[in-house]
Amino acid sequence: MRSTVPAGRPNRLFRNLNSKIALIPMILTALVVFLGGTVWTVVYSFTRSGLLPRLTFVGLDQYERLWAAPRWIISIQNLAIYGVLSLIFSLVIGFILAALMDQKIRFENTFRTIFLYPFALSFIVTGLVWQWILNPEFGVQSVVRSIGFTNFTFDPLYNSQIVIYGVLIAGLWQGTGLVMCLMLAGLRGIDEDIWKAARVDGIPMWRTYLFIVIPMMRPVFITTLVLIASGIVKVYDLVVAQTSGGPGIASEVPAKYVYDYMFQAQNLGQGFAASTMMLITVAIIVIPWAYLEFGGKKRG
Amino acid sequence: MRLQYLAAVLAASVMLPAAHAGATDLEVTHWWTSGGEAAAVKELAKAFDASGNKWIDGAIAGSGGTARPIMISRITGGDPMGATQFNHGRQAQELVQAGLMRDLTDVAKRENWEKIIRPAGLLKSCTIDGKIYCAPVNIHSWQWLWLSNAAFKKAGVDVPKNWNEFVAAGPALQKAGIQPLALGGQPWQANGLFDTLMISLGGKDLYTKVYQDKDKATITGPEVAKIFKAADDARKLSKGTNVQDWNQATNMVITGKAGGQVMGDWAQGEFQLAGQKAGTDYSCLPGLGLNEYLTTGGDAFYFPLLKDPAKAKAQEALASVIVDPKTQVAFNLKKGSLPIRGDVDLGAANDCMKKGLAILDKGSVLTSTDQLLSADTQKQKEDLFSEFFASTSMTPEAAQARFAKIVAAAD
């Protein structure tokens, strides 16, 4: 008397029913808030919405205006510079710090805390701190001048040409600690025996790192990459606190354009068009990568 | 046990506001946070508290550009405050059209605002479809050049009588190690400086042709080109200011580190707070000493539509307190702005305010750019001028071409 359950495999939909019910709120949130909100934004980016959303369609007008706006172009360039450099530098510096930390040094805990500490500060605090450090009248420049080098000039935040690098320094200072910690965890996950084998074979340490350890740390690198990249695209508060986009519009970023036009200029349509462009940029980068990463092989 | 204790504390904190509901609390949001401004707000709060209600101060730091989005999202998001500051003009236009703001026509009729408020344009900016939606609190004009007498003395030149003399005195100031023109980095300051040059150097006709009629031939023509040349002069004089907020720039003039600043008459409050005396410590040139016209923008209070009848009553009380002659005098003396009614006694006003009042009495007033242009157009102008004033490579001609495009596309 065991065939009350029909023969064959049970309906897949009802497998693990409890966990599926538990997931419903999250699924709804994802669908309604993320997907729904995205679709809504894209639709309204084709309208002439002012302070309040209005469904008067104007075709591609908002996009034409967006790409004709010098401030948007500068924002995109800044994001590209900031993005590429902060990706490279935070990975390289983070990995080197982690490798140094992995040499069984004394006071490792202390150093780790020191390096990770900036990450505990918000971007607003980071921005303000670096605004002061880079301020020519109180910061680095005045300190060096007071030592005796009276011709020393270092005022990146007041020079339109290099202001974005001033922002980059602050961003790296804040973010590298976390990268270091992730990398260190990855390094600790490498089996001691591999190091021993490499030593027996007489492979120099730098080659072991470069050709054996780093390829083994692929999952850690991917996690780190995703974390850094998402931080780059949404960079906003750092710029607001450190330069407010200045001097002039030299350190503007796309997220700030979106906010300023949606709320200060009372032009939601323009802001939506800009945020849709940000979404498309991210999609162009993420979709091919995700396809390569997850699409190629069958998962067991 | 601890949970019960916590619950009791929570309950108490919820009960607390209900305990003194006798006087109606009204939250008022504004962006008056500099020293002189805060002193003026206190006068307003005092007068409102005296009417038997309670002023809950909702100051938002960081100037209007930061504050307005917060106010608007609170109103549209269903968490309206009791009353809020805006500049009169088009900033709150869409909120009114969406039916989110309260109609004040009853109060205005009862207190005869139409008769007492001057210039008439002020009330007109509050009027949409024949109904009055805001209570103007002061008149602010942008067209002032503030000068530090000490700075010019140190440089060994006479205090300029107009903009041209000021530009000519620039090199002497620079030689004495003084910043000739202080200009903060916030975009609205560069924008306001340019509009001031437009009125004061170009005159009334040019200003109306450009911003009111949006006449294409004029905007691309030689007269506006002259204004851009003047803006180029200002750009050279302002190089190296390195401060953000307007009151920091004003402070440079107060301390004699800078020769002058083009800023609205709200700067006056800062001079007053620093204990400086008009005429002896600092000088002011309305209309930059050339064309004595003032724009009559300013601040007004708007009242979101509220369901609670007690609060609605308190809103009415606040509206009449704002227009009341006594409040007008107390508030505007501290703020350095001009009162919205002509029948008050400003005997205590200083030289600069008296100059402003005289221009007002003559009727040499123009509508401000906040009233003529939408927030969207103003923002685009801000982007243009903050880039222009920070850049060394952008030519006046290139800036004029972009300016023409922005005004042509204005709605």
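Visitor: Which residue of E9(B) stands opposite Leu147(B)?

Guide: Gly260(B) is the residue of E9(B) opposite Leu147(B). Before going on, note that this is a predicted model, where local features need pLDDT of at least 70, side-chain atom pairs count only at pLDDT 80 or more, and totals for chains, interfaces and linings use all residues. Residues are numbered from 1 along each chain as its sequence is written, while chains are lettered from A and ligands numbered from 1 in the order in which they are written.

Visitor: How many bridges join strand E7 to strand E9 of chain B?

Guide: The general idea comes first: two strands pair if DSSP finds at least two bridges between them. Helices (H or I, at least four residues) and strands (E, at least two) are themselves DSSP runs, numbered from the N terminus. Here, E7 (residues 144-148) and E9 (residues 258-262) of chain B run antiparallel and are joined by three bridges.

Visitor: In what order do the four strands of that open sheet come?

Guide: The order is E8-E9-E7-E10 in chain B, with mixed pairing. E8 (179-181) and E10 (282-286) of chain B are the edge strands, as each pairs on one side only. From one strand to the next, the twist averages 20°. Axes here are lines fitted to C-alpha atoms, for helices over the stretch in contact, and angles run from 0 to 180 degrees between N-to-C directions.

Visitor: Which helix packs on the sheet?

Guide: For contacts, the rule is that two residues touch if their C-beta atoms, placed from the backbone, lie within 7 Å. Helix H9 (residues 163-175) of chain B packs on the sheet and touches E7, E8 and E9 of chain B. The direction of H9 makes about 165° with that of E8(B).

Visitor: How many helices and strands does chain B have, and how many does chain A have?

Guide: Chain B has 20 helices and 13 strands, whereas chain A has 13 helices and zero strands.

Visitor: What does the radius of gyration say about each chain?

Guide: The radius of gyration is taken over C-alpha atoms, and the globule rule is 2.2 Å times the number of residues to the power 0.38. Chain B has 22 Å, close to the 22 Å given by the rule for 411 residues, so chain B is as compact as a globular protein of that length. Chain A has 25 Å, but a compact globule of 300 residues would have a value near 19 Å. Along the principal axes, the C-alpha trace of chain B spans about 70 × 50 × 45 Å, and the C-alpha atoms of chain A fill a box of roughly 95 × 75 × 30 Å.

Visitor: What percentage of each chain is buried?

Guide: A residue is buried if 20 or more other C-beta atoms lie within 10 Å of its own, exposed if 12 or fewer, and partly exposed in between, with C-beta atoms placed from the backbone. Buried residues make up 51% of the 411 residues in chain B; in chain A, 31% of the 300 residues count as buried.

Visitor: Is Lys104(A) buried or exposed?

Guide: Lys104(A) counts as exposed because it has 6 C-beta neighbours inside 10 Å. Lys104(A) lies in the loop between helix H3 (70-101) and helix H4 (108-116) of chain A. Its phi is near 55°, a positive value in a residue other than glycine.

Visitor: Where does Asp129(B) lie?

Guide: Look in the loop between strand E4 (127-128) and strand E5 (131-132) of chain B. Asp129(B) has a positive phi of about 55° although it is not a glycine, and it is exposed, with 8 other C-beta atoms within 10 Å.

Visitor: Which domains does the assignment give for chain B?

Guide: Domain bounds come from an automatic or database domain assignment. For chain B, the assignment gives domain 1 (26-139 + 297-357) and domain 2 (144-295 + 373-408). Their C-alpha centres lie 28 Å apart, and 20 residues of domain 1 are in contact with 18 residues of domain 2. On the domain 1 side, H2(B) gives the most, with five residues.

Visitor: How many residues does each chain bring to the contact between chains A and B?

Guide: The contact takes 20 residues from chain B and 20 residues from chain A. On the chain B side, H19(B) provides the largest share, eight residues. That side divides into seven nonpolar, seven polar and six charged residues. In this scheme, Ala, Val, Leu, Ile, Met, Phe, Trp, Tyr, Cys and Pro count as nonpolar, Asp, Glu, Lys and Arg as charged, and the others, Gly among them, as polar.
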